[in-house]
Amino acid sequence: MKKRIITLLLMALGFSSFAQQSSLSISLSNAKFEEFVTAVERSSPYRFYYQPNTTDSLIITMDVQNKSIDEVLNTVLANTELHFAIDANQKVYVTKRRTILTDLPINYFKDGTSPDNSNEFDYSDYEKKEQKKKLAENRLYVIGKKTSNLQGNATLKGQLRDAATGEPLIGASVFIDKPLIGSSTDPLGYYSLTIPKGRHELKIKSIGMKASTRQVMLYADGKLDIELEEDVSPLKEVVVESDRDRNVSGMQMGVEKLDIKTMKQMPSVLGEVDVFKVMLTLPGVQSAGEGSSGINVRGGSTSQNLILFNDAIVFNPSHLFGFFSTFNPDVLKNVELYKSGINADYGGRLSSVVDVTTREGNKKKFVASGGISPVTGRVTFEGPIIKDRTSFLIGVRSTYSDWILRQLDSKQLQNSTASFYDIHANISHKIDDHNDIYVSGYKSRDKFKLGQDTTYSYSDENASVKWKHSFKSKLFGTFVGTYSKYNYSISSEKNPVEASTFDFQIKQFNGKADLTYILNEKHTMQAGAAVTHYTLSPGSQRPTGSESTFVPNLMPDEKALESALYLSENFEVTPRLSFYAGLRYSFYNYTGPKNVYVYADGLSKTENTIQDTIQYSKGESIKKYHGAEPRFSVRYLLPGNASVKFSYNRMRQYIQMLSNTTSISPTDIWKLSDTYIKPQIGDQVSIGFYKNIHHNSIETSIEAYYKTTQNALDFKNGAKLLLNPHIETDILYARGRSYGFEFLIRKPTGKLNGWISYTYSRSELQTRNSFKTETINSGTYYPSNFDKPHAVNFIGNYKFSRRFNFSLNVTYSTGRPVTIPDAKYDLGGGNRLHYSNRNEYRVPDYFRTDVSINFEGNHKIKKLAHSSWTFAVYNLTGRKNAYSVYFVSQNGQIKGYKLSIFGEAIPTLTYNFKI
Amino acid sequence: MKKYISWLYPLPVIALLVFACVEPFAPPNLKVDQNLLVVDALLNGSNGEVNVHLSRTIPLADKTSQRPELGASVSIVTQSGNTYLLTDVSGDGHYFKSGISFLADDQYKLLITTSDGKKYGSDYIKLSDTPAIDSVNWKPNKDGIEIYVNTHDSANKTKYYRWEYTDTWAYASAFDSNFEFTGSQPVLRSDNIHICYHNFNSSNILIKTTNVLSQDVVSQFPLVFLPKRSERLYIRYSILVKQYAITKDAYEFWDLLKKNTESLGGLFDPLPSQLTGNIQSLDDAQEAVLGYFSASNIAENRIFIEYMDLPQSHRFSKAYPECELDTVYMADLSTFKKGSNILVTTFGSPFPEGYLFSDNSCVDCRNQSGTNIKPTFW
């Protein structure tokens with residue numbers, strides 16, 4: 001039926017361009033559009049077609065003599081969003097935003113069979129879509145009011161959406177070939193392209209979507225929304241970059257973009273698709289080992305990553321302390337990782353930005369999807385609230401590991417519990433063409449207990465509201481408010497007399513306003529302000545149960561306000577040379593109420609050198625820090641599809657994680673910068689060379705970087721981090737340096753695709769203290785815990801057919817540094833160990849191979865549920881990679897052990913469905 | 001090793017206990033000889049004795065277990081001006097002096113000059129007063145028995161405690177020999193080689209602080225766990241618990257030493273660290289000296305656990321499935337291998353025709369490294 005209507009509509013439009021022009025004389029005062037129409041229709045053969053609700057705000061005052069209909073309408077519709085078109089039958093179509101095309105494309109009817117003879121043919125959905133797409137592609141979109149003046153540029157804006165779900169497409173590129181001008185869509189799917197006025201063929205490309213074109217006639221600034229069809233190939237490609245030459249021509253360097261399709265295809269441990277595990281296959285990203293949460297980006301610590309989930313901070317993004325990430329793969333849209341060249345709108349962490357964005361719910365129809373893996377079950381619902389305008393999405397994931405534990409034949413395990421869940425919900429609403437609003441909420445929670453003694457639980461939750469407004473065609477605003485909270489508690493009940501619970505919590509509120517102004521095709525400016533309020537409860541330990549004699553130990557809350565202003569400019573000097581310059585200036589104010597100890601001058605800070613205590617009242621400023629964070633990058637395009645890029649950025653971090661373990665652990669706490677703990681400052685310079693060969697089908701790049709960190713923290717031997725009211729006495733300041741280069745060859749598309757990377761990197765620390773006894777390794781540089789000089793990753797994916805593909809992942813890296821014993825001695829009746837210098841030795845090298853096979857159900861479009869199976873084997877060779885090595889004194893003897901977390905091949909089968 | 005894992009911080013249960021594995025690991029062959037001085041020194045205020053054990057660190061790869069520091073000059077200097085010289089009587093690095101009367105308000109310092117002329121010393125430390133042990137008790141659980149210590153300081157001053165224990169148990173060989181056969185003919189045995197006694201000194205670091213509690217009370221601090229079929233519980237078991245009040249510094253030293261050697265390698269365990277005690281080199285501030293010098297009075301308590309006190313489910317007897325009796329006729333006694341076999345008793349009725357005998361290891365309990373001399377407290 002649809003096809004027939006379109007055909008009839010096209011027939012009705014007929015042919016034009018030879019319409020007779022009769023002159024009009026009209027005199028009206030404060031008239032409505034209806035009155036104007038009546039006046040014109042009375043005195044001429046023109047007949048008007050329009051939607052009354054689009055014209056009801058129009059008030060017309062005019063007095064014209066012998067003017068053409070074009071002139072009259074141009075006057076009447078000037079400064080409105082309305083357009084008109086006149087066909088051969090003197091019918092006038094007044095439409096909002098778009099001009100009705102009265103001309104059919106040339107040779108329209110010569111193309112195949114005549115459409116109106118095809119009524120009997122049963123088009124499949126696919127063919128209908130093709131037909132619709134062709135129609136959209138062949139049509140000429142007239143943008144702006146028709147004018148003969150085609151001098152200068154105009155800006156075309158709009159949103160790219162998925163035709164099936166209505167979801168915005170992010171990172172898609174929109175460009176014209178002559179001259180080559182392009183832009184990519186922002187995180188809300190909007191693009192803005194400033195190009196010379198006139199006739200253009202607009203090309204649109206996006207991952208996983210069919211490439212499309214639009215014919216435009218650009219007279220003035222205007223808007224064109226574009227819907228793209230999903231590429232029907234349901235076997236997802238491993239594509240990391242959004243468009244094919246982005247790595248060469250884009251301004252960004254050190255940025256990696258992963259979409260969920262890529263992640264789902266890669267072999268996963270225990271069947272859980274994990275953002276962080278996928279990131280670990282990228283050059284420059286490492287972790288301390290399996291089962292450790294967090295990532296180390298270019299030699300930075302795990303706490304130096306700004307992890308944003310729909311703009312809100314996440315403090316602990318892992319379940320079971322690192323075995324899975326807390327981001328449910330079914331709700332994710334994409335993840336961007338910035339390793340260098342971080343723009344001025346991001347701040348607060350030194351090493352990297354991990355920007356996780358969730359999907360919007362389907363705006364067209366209700367969809368349920370889910371899956372079962374050996375560890376979790378998950379389900380996602382989504383659908384429209386108001387069709388094409390408002391949608392919701394809710395995803396829940398939970399483990400059933402408690403049930404598994406009870407099945408195991410071990411008393412120890414039967415008394416243990418381990419449970420976690422995560423839930424995410426969002427609503428997106430398009431208020432009108434200029435306003436979109438997004439509301440998102442997230443919570444993850446873990447609880448576990450081993451044996452009967454100690455229960456650990458932690459949860460991370462956040463919420464965000466985002467309003468995107470376009471003021472006019474070249475000025476956009478994004479306003480975001482977020483809230484994040486992370487807390488954990490440890491309770492011990494083994495001995496009722498000493499039973500107690502320890503709690504830690506951090507809360508932050510954040511507001512950010514961001515304005516982007518596109519001056520012209522050469523200049524884009526961005527400015528904004530951000531403010532974050534922290535409330536940190538560093539710890540409290542309270543008795544539990546009536547028998548407990550535990551003395552409550554409460555540490556006072558800490559509060560601070562961090563704010564920042566930023567301004568940046570993207571300037572394309574010549575088509576080959578462009579640069580980005582940004583400046584962020586951050587202010588930090590640590591406020592009371594709090595008591596601050598004063599230590600004796602010139603002496604090591606210890607409990608014994610405390611001289612005085614200063615009391616600060618509520619809201620009183622205790623310590624202020626502020627500083628500039630310049631960001632700069634430049635790109636120069638070389639002949640032969642290659643480019644060179646350089647970037648420098650400085651970051652400041654006002655909140656530190658205190659941890660003296662290898663990975664994020666249950667007892668890590670965060671600490672705000674205060675009188676003694678200075679903010680960390682990181683500087684990074686990086687330079688890269690990029691070249692695409694074989695018509696962009698193979699991308700190569702090499703990036704080198706050098707990074708320094710000031711005021712990094714390390715700890716004195718035996719430091720007490722929990723419930724320590726004078727933590728400064730246990731802290732050592734260190735400076736860090738890391739450097740390396742990353743080499744990458746990637747084939748993003750094709751039957752065989754994937755990448756291979758080699759990274760050489762070093763990460764070192766040096767403690768700085770005027771008291772030599774308090775330095776580590778006598779004050780020389782020593783490797784950090786995650787210093788792994790050599791790393792090689794191979795990711796390969798081969799599509800055997802549309803329903804069946806095979807992935808292989810091979811990872812090698814140097815073993816991480818460890819401190820191990822170098823001598824033994826007897827003391828206190830037992831054998832004891834003397835340890836080497838910090839991180840003087842290394843665990844054996846790491847090597848792992850994973851494979852996975854994806855089977856898709858048949859591709860009939862109309863069936864109840866689409867399902868897929870993934871069979872994966874993690875650590876195929878069963879290599880016992882050392883997570884750590886350690887030495888214990890047992891029965892008077894010293895024994896060395898090596899702990900492997902996944903010491904054998906782990907096969908898993910995962911089932912996914914979508915209704 | 002499974003058991004070890006379970007004492008680590010709770011680890012992600014499923015993945016870890018199902019897939020994790022722990023394997024022996026041979027450390028890199030560390031031939032570097034640190035050769036650091038180790039001082040294990042205790043001034044016992046209760047009996048006026050000072051014990052100082054000096055030794056050197058041993059490379060890990062080295063099979064030697066002892067490297068005593070001999071020929072050193074070791075002395076205790078009091079703030080009140082007395083000096084007591086310690087002597088290494090047995091020549092094994094144990095320097096000793098008794099019969100000193102230590103005063104609670106005096107302070108003591110350890111001075112060492114090694115045979116190569118290097119000087120080491122501690123700061124002045126006070127003698128810590130140790131409260132009495134309230135009780136040592138034991139409780140069975142389903143896997144064995146746990147022995148606990150209880151103490152308190154009503155003055156709320158002690159706060160930091162350390163314990164050591166020596167446990168002693170009796171055990172029996174498979175067969176009780178009535179005959180000795182050393183000369184030409186077997187004679188009735190005069191000594192006991194059936195029941196022996198074994199001693200063991202604690203090697204774990206047992207420390208506790210009550211500084212987080214409102215009262216200075218140590219309640220049911222677990223000292224030792226004896227599994228159900230432990231040899232120690234077959235006949236009679238005794239434990240002597242020694243309690244020391246220690247300083248906060250000493251507590252931190254032992255705590256770190258404990259962390260460094262007894263709980264490392266878990267996912268969330270702290271990184272090991274270099275550790276030095278309260279003794280410094282007086283010549284070279286960079287030279288590390290290991291060990292600790294403590295001064296305290298000692299409180300002691302001994303309990304016994306009888307076989308019959310154990311719950312029925314915990315009573316086991318030592319089994320020697322490999323031990324068998326063989327026979328030797330009187331006429332063949334000349335061929336009897338006296339060294340490797342021992343006569344147990346006679347056989348034949350009414351007149352003995354020969355002897356039952358068994359392997360030396362099944363008859364003489366001393367083969368299991370115990371002593372057949374009954375301890376005085378038994």
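What share of the contacts in chain A between residues at least 6 apart in sequence join residues at least 24 apart? The share is 69% in chain B and 65% in chain A, where two residues are in contact if their C-beta atoms, placed from the backbone, lie within 7 Å. This is a predicted model, in which local features need pLDDT of at least 70 and side-chain atom pairs count only at pLDDT 80 or more, while totals for chains, interfaces and linings use all residues. Residues are numbered from 1 along each chain as its sequence is written, and chains are lettered from A and ligands numbered from 1 in the order in which they are written.

View 1. Chain A has 10 helices and 57 strands; helices (H or I, at least four residues) and strands (E, at least two) are DSSP runs, numbered from the N terminus. Of its 915 residues, 44% are buried. A residue is buried if 20 or more other C-beta atoms lie within 10 Å of its own, exposed if 12 or fewer, and partly exposed in between, with C-beta atoms placed from the backbone. The average pLDDT (the predictor's confidence in each residue, from 0 to 100) is 81 for chain A, and 86% of the residues score at least 70. Residues 1-20 of chain A stay under 50, and the model gives this stretch 25 contacts beyond four places in sequence. Residues 110-121 of chain A are also below 50, with five contacts in the model beyond near neighbours in sequence.

**View 2. Strand E12 of chain A and its two partners.** Strand E12 of chain A spans residues 212-218. Its covered face consists of Ser212(A), Arg214(A), Val216(A) and Leu218(A), and its uncovered face of Thr213(A), Gln215(A) and Met217(A). Strand E6 of chain A (residues 140-143) runs parallel to E12(A), joined by four bridges; two strands pair if DSSP finds at least two bridges between them. Within this pair, Leu140(A) has Gln215(A) as its bridge partner. Strand E11 of chain A (residues 198-205) runs antiparallel to E12(A), with seven bridges, and Ile204(A) stands opposite Ser212(A). Six residues lie between the strands of the E11(A)-E12(A) hairpin, where Gly208(A) takes a positive phi near 75°. Strands of a sheet pair through backbone hydrogen bonds, either parallel or antiparallel.

**View 3. Asn138(A) in helix H5 of chain A.** Helix H5 of chain A covers residues 125-138 and contains Asn138(A). Asn138(A) counts as partly exposed because it has 17 C-beta neighbours inside 10 Å.

**View 4. The four-stranded open sheet of chain B.** Chain B has four helices and 24 strands, and 33% of its 378 residues are buried. One of its open sheets has the strand order E6-E3-E2-E20, with mixed pairing. Strands E6 (94-97) and E20 (289-296) of chain B are the edge strands, each pairing on one side only. Neighbouring strands are turned by 10° against each other on average, direction ignored; axes are lines fitted to C-alpha atoms, for helices over the stretch in contact, and angles run from 0 to 180 degrees between N-to-C directions. Strand E3 of chain B (residues 49-56) pairs with E6(B) in the antiparallel sense over four bridges. Val50(B) stands opposite Lys97(B) of E6(B).

**View 5. The largest nonpolar core.** A nonpolar core is a set of buried Ala, Val, Leu, Ile, Met, Phe, Trp, Tyr and Cys residues joined through C-beta atoms within 7 Å. The largest has 60 residues, and those touching the most other members are Val39(B), Val52(B), Leu54(B), Leu110(B), Ile112(B), Tyr161(B) and Val241(B). Strand E12 of chain B (residues 160-172) gives the most to this core, with six residues. Leaving aside neighbours within four places in sequence, Ile112(B) contacts Val39(B), Leu54(B), Ala72(B), Val74(B), Tyr120(B) and Gly121(B). A second, separate core has 53 residues, including Val297(A), Ile307(A), Ile342(A) and Val353(A).

**View 6. The three-stranded open sheet of chain B.** The strand order is E22-E24-E23, with antiparallel pairing. Strands E22 (326-329) and E23 (341-347) of chain B each have a single partner strand, so one side of each is left without a neighbour in the sheet. The twist averages 35° from one strand to the next. E23(B) and strand E24 of chain B (residues 354-359) pair in the antiparallel sense over six bridges, and Phe347(B) has Gly354(B) as its bridge partner.
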